[in-house]
Amino acid sequence: MTSRRLVLLICAVYAAAFATIACSGAGGDATPTTTAAAAPATTPGGLTPFQVEHGIGPVTAPVAVAATVDAAMAKKGATLFEQKCSACHKMGERYVGPALGEVTKRRTPAFVMNMVLNPQGMVEKHPVTRKLLGEFFVQMPNQQLTQDEARTVVEYLRTQAH
């Protein structure tokens, strides 16, 4: 059996097993404990699809951004970034934390805001930030920003993406 066929077979077995568990309940009991309408679907890690894409925290809906950057908001965000973030983050290089120059191309605005507003919860529960902690060995501290302030930081970060 070729390597590709073996991988496809393994994936099919895992998918069938997951579907069986998901349809019959985690304990294999034929009586489901919840209905799909009662609770949002979750990933194997317990996160909802929204949380996987947008992070875990106070931002619970996608954040709409305009096609062009709001210059006044970005200016406020730049000031906050300099005060609260620049000791650990640079735009184009790894520092204490990851480079943030292209972060708005990799992550949604809500994800960035949830990371800023809820770093502890993100590191505890989100696989992306767990991986980053393993790579950088330093957890981001909570800078006590408001949602509005975090939004201005996102707008500033948008100016750094090329």
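**Entry 1: loop residues**

I looked up Phe 137 and found it exposed, with a relative accessible area of 70% (exposed means over 50%, buried under 20%, partly exposed in between, with a 1.4 Å probe and protein chains only). The model is predicted, so I note that local features need pLDDT of at least 70, side-chain atom pairs count only at pLDDT 80 or more, and totals for chains, interfaces and linings use all residues. Residues are numbered from 1 along each chain as its sequence is written, and side-chain values use heavy atoms, with hydrogens and water left out.

Phe 137 lies in the loop between helix H7 (127-136) and H8. Its phi is near 65°, a positive value in a residue other than glycine. I then checked Gln 144, which lies in the loop between H7 and H8. Gln 144 has a positive phi of about 60°, although it is not a glycine, and it is exposed, with a relative accessible area of 62%.

**Entry 2: the chain**

I recorded eight helices and zero strands in the chain; helices (H or I, at least four residues) and strands (E, at least two) are DSSP runs, numbered from the N terminus. Of the 162 residues, 28% count as buried. Among the contacts with a separation of 6 or more, 66% come from residues 24 or more positions apart, where contact means heavy atoms within 4.5 Å.

**Entry 3: helix H8**

I found that H8 has 14 residues and reaches 20 Å from its first C-alpha to its last, close to the 20 Å expected at 1.5 Å a residue (the expected span is 1.5 Å times one less than the number of residues). The buried residues of H8 include Ala 150, Arg 151, Glu 155 and Arg 158. Their cover includes helix H3 (71-85), helix H4 (103-106) and H5.

**Entry 4: H5 against H8**

I looked up how helix H5 (residues 109-117) packs on helix H8 (residues 147-160): the angle is about 125° and the axes are 9 Å apart. Axes are lines fitted to C-alpha atoms, for helices over the stretch in contact, and angles run from 0 to 180 degrees between N-to-C directions. H5 is therefore oblique to H8; angles under 35 degrees count as roughly parallel, over 145 as roughly antiparallel, 65 to 115 as roughly perpendicular and the rest as oblique.

The contact involves Pro 109, Val 112, Met 113, Val 116 and Leu 117 of H5, and Gln 147, Ala 150, Arg 151, Val 154 and Leu 157 of H8.
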